[in-house]
Amino acid sequence: MGMCLPCLSGAEDEVVVTPDPETRRRQLAEAAEKRQKETTYRGIKNPEALERKKKKQEEVEKETLNPLPSGGGGGLKWQVG
């Protein structure tokens with residue numbers, strides 16, 4: 001009858017120790033962050049380049065909305081004629 005459960009013969013050696021709650025919380029947070037990044041950048045070959053492009057585009061938009069005052073009116077001038 002010892003043949004009924006041959007897979008449990010070495011089960012005592014393979015006991016998995018559960019990490020303490022703080023370590024488990026940190027691991028879960030890291031896994032969630034990784035999943036979020038993966039879904040955010042799904043289908044994008046180079047996410048770093050995309051971030052740089054977005055940042056540059058935001059800077060350009062910011063400059064167009066808030067132009068720096070030029071010293072003496074040396075900018076473009078409109079002529080209506």
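Here is a short walk through this predicted model, one selection at a time. Local features need pLDDT of at least 70 and side-chain atom pairs count only at pLDDT 80 or more, while totals for chains, interfaces and linings use all residues. Residues are numbered from 1 along each chain as its sequence is written, and side-chain values use heavy atoms, with hydrogens and water left out.

Start with the whole protein chain, coloured by secondary structure. You'll find 2 helices and 0 strands (DSSP runs: H or I of at least four residues for helices, E of at least two for strands, numbered from the N terminus). Of the 81 residues, 1% are buried (under 20% relative accessible area; exposed is over 50%, partly exposed in between, with a 1.4 Å probe and protein chains only).

Next, select helix 1, residues 21-40. Show R25 and E22: they form a salt bridge, with the closest N and O atoms 3.0 Å apart (the term means a side-chain nitrogen of Lys or Arg within 4 Å of a carboxyl oxygen of Asp or Glu). The two sit 3 residues apart, about one turn of the helix. R25 is exposed at 52%, and E22 is exposed at 51%.

Stay in helix 1 and pick E30 and R26, 4 residues apart. Their salt bridge has its closest N and O atoms at 3.6 Å. E30 is partly exposed at 45%, as is R26 at 44%. A search of the whole structure finds 2 salt bridges.

Last stop: select E48, E51, E58, E59, E61 and E63, which form a negative surface patch (residues with over 30% relative accessible area and no salt bridge, like charges joined within 9 Å, nonpolar side chains within 5 Å). E63 lies in helix 2, residues 47-65, and is exposed at 58%.

Terms used:
Accessible areas come from the Shrake-Rupley method with a 1.4 Å probe; for residues, only the protein chains shown count as cover. Lys and Arg count as positive and Asp and Glu as negative; His and the chain ends are not counted. The place of a charge is taken as NZ of Lys, CZ of Arg, CG of Asp or CD of Glu.
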